[in-house]
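Please keep the structure in view while reading.

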Amino acid sequence: MKILLGISGGIAAYKACELVRQLTTRGHAVRVVATQHALEFVSALTLQTLSGERVRSDLFSLTEESEISHIDLADWADVALIAPATANTIARLASGIADDLLTTVCLATRAPLVVAPAMNVNMYRHPATQENLDRLAKRGVRIVGPDAGELACGWQGEGRLVDPVAIVAAAERAAGRQRLRGEVVLVDAGPTAEPVDPVRVLTNRSSGRMGFAIAEVAAREGAEVLLVAGPVHLPTPHGVERIDVVTAAEMRDAVLASLPRATLVVLAAAVSDYAVREPAGTKLKREGAEQITLELVRNPDILREVVERRSGQVVVGFAAETDDVLANARAKLGRKGCDLIVANDVSRPEIGFDVDRNEVTIVGPGAGDVLEIPMATKHEVAERILERALEVRRS
Ligand code: CTP
C-alpha cells in the first residue's frame with residue numbers, strides 16, 4: 001500500500017519515527033510530508049533513513065517539486081495518514097486551508113484520510129477542536145484516538161497519540177475499504193426542469209439527495225465519479241466531477257456522452273416524463289386567458305437508452321412508487337432491462353423526498369432477487385446499493 005504520512009508539529013512527532021518503521025516493516029511504501037514545525041521536533045534525516053525516501057515539507061521548493069509535484073504526491077497515495085495531527089493542523093484541514101505542502105496535498109488527494117490527533121488535553125477538549133474533528137468525521141475522515149494518560153506537557157488526560165499499531169490498522173482499514181477503486185461510476189440525480197416560458201418550469205419534488213449520497217460514497221470508496229445533476233441546491237461531493245443540466249434532453253446528452261467511460265451506472269434522477277412542446281419565448285400573460293392548455297411531449301427515457309447502448313456496464317435504475325411498490329419495481333426491471341431497480345415508497349413522508357433517511361428494496365438481477373434495506377441514512381443506503389451493484393458487476 002502507498003501511504004502518505006503527514007507529520008505535524010507537536011512533541012508526539014518523535015513517535016512518527018516508530019510509525020514509519022512499523023509501516024515499512026509491513027511492506028508499505030511510505031512518503032513523509034512533514035510541516036516545518038514537525039522538523040523542529042524530529043530530524044528529516046531520521047525520517048528519510050527509516051522511510052527510504054526524501055522527506056518533503058516545502059510547497060515552494062524547486063528541488064522537491066521537480067522530483068515529484070504536490071499533485072503527483074496526492075495522486076500517488078492509497079491513503080493519507082496524519083500522525084500526529086496537532087490542533088492547528090486539524091483546524092486547517094477542517095477549514096480547507098492549504099498553506100503548506102501537507103495541507104495542500106490533503107486537499108488535492110482523493111485517497112481516504114486518517115487523522116491521529118495528539119495535543120494537550122485542554123486544547124483537545126476545546127470546543128473549536130471538537131467542532132473541527134466533527135467536521136472532519138462528517139466528511140468521512142477517520143479519526144483514530146487520542147488516548148488518555150500522562151501527557152508530555154505534564155497534564156493528565158486525553159491527548160496522547162494512540163499506539164502506532166492502532167494507527168497502522170486504521171490506515172490499512174481505510175485503504176482496504178476502497179472497494180470501488182478502478183471503477184468509473186456515472187450517476188444522475190435530482191429533478192429535471194422543463195421550461196414553460198422564460199420564467200416558469202415543470203419540475204418535481206426530488207431533492208437529489210439520494211443520488212448525491214451515491215456519488216459521495218462512490219468517490220469515498222475510490223471510484224472516479226461523474227455526476228450529472230439536475231437543478232438542486234446541494235454542494236458537489238469531494239472528488240466528484242459534476243455536470244449541471246436542466247432539462248431531460250440535456251440530462252440524456254450528458255449521461256450518454258459519459259457512458260463509454262463508465263463501468264457502473266446509477267440513474268437516480270427523477271426525470272420529467274414530459275416536456276412542453278413549444279415553450280413560449282416571452283412570459284405568458286394572465287390577462288385575457290381564463291384557461292390555458294400546455295401541449296406536452298414525451299421525454300427520452302434515459303435509462304432505456306443507457307441499457308440499449310451499454311457495453312458491459314452494470315446499470316441501476318430507481319423506482320419512486322406510491323403503491324404496489326414491489327410489483328411495480330419488478331415490472332420496471334423487466335421493462336427497462338437494467339440489472340437492478342432500487343424501489344422506494346415516496347408516499348411515506350419519513351422516507352420520501354427531501355429527507356435524510358430512506359428505506360428501499362433492491363430488486364434484481366432476476367425478478368425473484370429481492371433485498372430489503374431497512375431504514376437508514378441516505379449515505380448508508382447508498383453504500384448498500386453500491387455494494388449490491390458491485391456484487392452484480394463482479395459475479
Ligand atoms: N428514467 C429515465 N428517463 C426518464 C424517466 C425515468 O432515465 N425519462 C429513469 C429514472 O431515473 C429511474 C427509472 O427510470 O431510474 C424509473 O423512473 P420512474 O419515473 O419511476 O419510471 P418511469 O419510467 O417514468 O415510469 P412510471 O412514471 O410510469 O412509473
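## Sheet and pockets

Eight strands form an open sheet in the order 12-11-8-13-16-17-18-19, with mixed pairing. Strand 12 (240-244) and strand 19 (370-377) stand at its edges with a single partner strand each, so one side of each has no neighbour in the sheet. From one strand to the next, the twist averages 20 degrees. The model is predicted: local features need pLDDT of at least 70 and side-chain atom pairs count only at pLDDT 80 or more, while totals for chains, interfaces and linings use all residues. Residues are numbered from 1 along each chain as its sequence is written, and side-chain values use heavy atoms, with hydrogens and water left out.

Helices (H or I, at least four residues) and strands (E, at least two) are DSSP runs numbered from the N terminus; two strands pair if DSSP finds at least two bridges between them. Strand 17 (residues 340-345) pairs with strand 18 (residues 357-363) in the antiparallel sense over three bridges. Ala343 has Thr361 of strand 18 as its bridge partner. Helix 14 (residues 325-336) lies across strand 16 (314-321), strand 17, strand 18 and strand 19, and runs at about 150 degrees to strand 17. Axes are lines fitted to C-alpha atoms, for helices over the stretch in contact (heavy atoms within 4.5 Å), and angles run from 0 to 180 degrees between N-to-C directions.

A pocket is an open set of points on a 1 Å grid over the protein atoms alone, where a 1.4 Å probe fits, with protein on both sides within 12 Å along at least five of seven lines; lining residues have an atom within 4 Å of a point.

The largest pocket holds about 1,000 Å³ of space. Among its 41 lining residues, Ala269, Ala270, Val271, Asp273 and Phe318 are the closest to its centre. Strand 16 gives the most to this lining, with four residues.

Helix 11 supplies the largest share of the lining of the second largest pocket, six residues. Domain 1 (2-175) and domain 2 (184-393), with bounds from an automatic or database domain assignment, both contribute to that lining, so the second largest pocket lies between them.

Definitions and conventions
Grid points are joined across faces, edges and corners, and a volume is the space filled by probe spheres set on the points.
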